[in-house]
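Hi,

Here is the structure I said I would pass on to you. Have a look at it before you read my notes below.

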Amino acid sequence: MRLLSHTIGIFTNPDKEWQAIRSDKHSFVQVFLSHVPILALIPVVSAYIGVTQVGFTIGDNVQKLTPGSALTLCVITYFAMLFGVYIFGEFINWMAKSFKVEGDEEMRHYEGTALAVFVTTPIFLAGFIGLYPNLWLNAAVTLLATAYSIYLIYEGIPILMNIDKERAFVYASSVVTVGLVLLVSIRVGTVILWSMGVGPVYQHG
């Protein structure tokens with residue numbers, strides 16, 4: 001329960017919460033499994049309901065996906081998000097050595113995974129907007145969530161990794177770059193899957 005309580009604290013008092021997260025000293029597996037599989041359900045379940053029950057506008061028509069098509073896309077998206085957060089954490093952990101983050105390998109691994117988990121939390125929570133699949137509204141909310149996630153990276157690294165602000169700024173900038181590259185990679189992967197036939201199927205009538 002304490003791990004899940006961090007989800008609220010990261011919004012209400014991020015500095016204090018980063019300190020609490022650092023002091024937890026759980027394993028990277030614990031911090032990953034206690035958050036990501038649950039939070040990743042928010043955008044996929046919301047999107048499934050939105051695209052099958054509410055629908056979205058294409059031109060002058062409201063379109064909905066078939067349940068089977070939506071389920072396939074949501075399952076793929078779900079596992080892509082799990083994989084993306086895991087890889088993000090591994091990159092953060094790998095870069096920790098270059099920035100001379102103190103602590104043993106197990107501690108650095110926990111800190112890297114914890115950072116990946118909690119900075120992506122705003123994006124997962126923003127997934128509720130998928131219940132109403134309007135392109136511009138979804139884009140605006142996702143952009144705001146991404147901006148807050150970037151803020152959390154710059155705010156969290158000097159506290160969680162216990163390094164000076166100069167190193168933390170460069171480290172955080174590197175983490176943001178990796179995060180954006182992963183995001184683009186997932187998008188490209190989605191396009192490739194669509195080109196292979198794993199794309200949306202619309203309801204008729």
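A word on labels before anything else: a helix here is a DSSP run of H or I with at least four residues, and the helices are numbered from the N terminus. Please also keep in mind that this is a predicted model.

With that numbering, Lys25 sits in the loop between H2 and H3. This lysine is exposed, because its relative accessibility is 60% and the cut-off for exposed is over 50%. Which residues does Lys25 touch, once those up to four places away in sequence are set aside? They are Met107 and Tyr110. Lys25 also has Glu111 at 8.2 Å, C-alpha to C-alpha, although 86 residues of sequence separate the two.

Now to the helix packing. Two packed helices are described by the angle between their axes and the distance between the axes, and I have kept to that below.

H2 and H9

Helix H2 covers residues 14-24 and helix H9 covers residues 135-160; their axes are 9 Å apart, at an angle of about 50°. At that angle H2 and H9 are oblique to each other, and H2 crosses H9 in a right-handed sense. On the H2 side the contact is made by Pro14, Asp15, Trp18, Gln19, Ile21 and Arg22, and on the H9 side by Tyr148, Tyr151, Leu152, Glu155, Gly156, Ile159 and Leu160. Sorted by type, the residues of this contact between H2 and H9 are eight nonpolar, two polar and three charged.

H5 and H6

What is the angle between H5 and H6? Helix H5 (residues 41-54) and H6 cross at roughly 160°, and their axes come within 9 Å. The cut-off for roughly antiparallel is over 145 degrees, so H5 is roughly antiparallel to H6. Their crossing is right-handed. From H5, the residues Leu41, Pro43, Val44, Tyr48, Val51 and Thr52 meet Pro67, Ala70, Leu71, Cys74, Thr77, Tyr78 and Met81 of H6. The contact of H5 with H6 holds 11 nonpolar residues, two polar ones and no charged ones.

H6 and H7

Helix H6 (residues 67-98) also packs against helix H7 (residues 105-119), at an angle of about 135° and with the axes 8 Å apart. That angle makes H6 and H7 oblique to each other, and the crossing is right-handed. H6 brings Val85, Phe88, Gly89, Glu90, Ile92, Asn93, Ala96 and Lys97 to the contact, while H7 brings Glu105, Arg108, His109, Gly112, Thr113, Leu115, Ala116, Val117 and Val119. The residues where H6 meets H7 divide into eight nonpolar, five polar and four charged.

Leaving out residues up to four places away in sequence, Arg108 touches Asn93, Ala96, Lys97, Val101, Glu102 and Gly103.

Loops and backbone

Most residues other than glycine have a negative phi. Lys100, however, has a positive phi, near 55°. It lies in the loop between H6 and H7 and counts as exposed at 63% relative accessibility. Asn162 also has a positive phi, near 55°. It is in the loop between H9 and H10, and with a relative accessible area of 47% Asn162 is partly exposed.

Ser34 belongs to the loop between helix H3 (28-33) and helix H4 (36-39). At 18% relative accessibility Ser34 counts as buried. A polar atom of the Ser34 side chain lies 2.8 Å from the backbone oxygen of Gln30, and the backbone oxygen of Val31 is 3.4 Å from a polar atom of that side chain.

Finally, there is Leu183 in helix H10 (residues 165-195). Leu183 is partly exposed, with a relative accessible area of 44%. How far apart in space are Leu183 and Ala80, which are 103 residues apart in sequence? C-alpha to C-alpha, the distance between Leu183 and Ala80 is 10 Å.

Best wishes

Note on methods. Residues numbered from 1 in each chain as written. Predicted model: local features only at pLDDT ≥ 70, side-chain atom pairs only at ≥ 80, totals over all residues. Heavy atoms only, no water. Helix = DSSP H or I, 4+ residues; strand = E, 2+ residues; numbered from the N terminus. Buried < 20%, exposed > 50% of the residue type's maximum accessible area, 1.4 Å probe, protein only. Polar contact = N/O pair within 3.5 Å; in protein donor to acceptor, adjacent residues only side chain to side chain. Axes fitted to C-alpha atoms, helices over the stretch in contact; angles between N-to-C directions. Parallel < 35°, antiparallel > 145°, perpendicular 65-115°, else oblique. Left-handed = near helix turned anticlockwise from the far one by under 90°. Contact = heavy atoms within 4.5 Å. Nonpolar A, V, L, I, M, F, W, Y, C, P; charged D, E, K, R; others polar.
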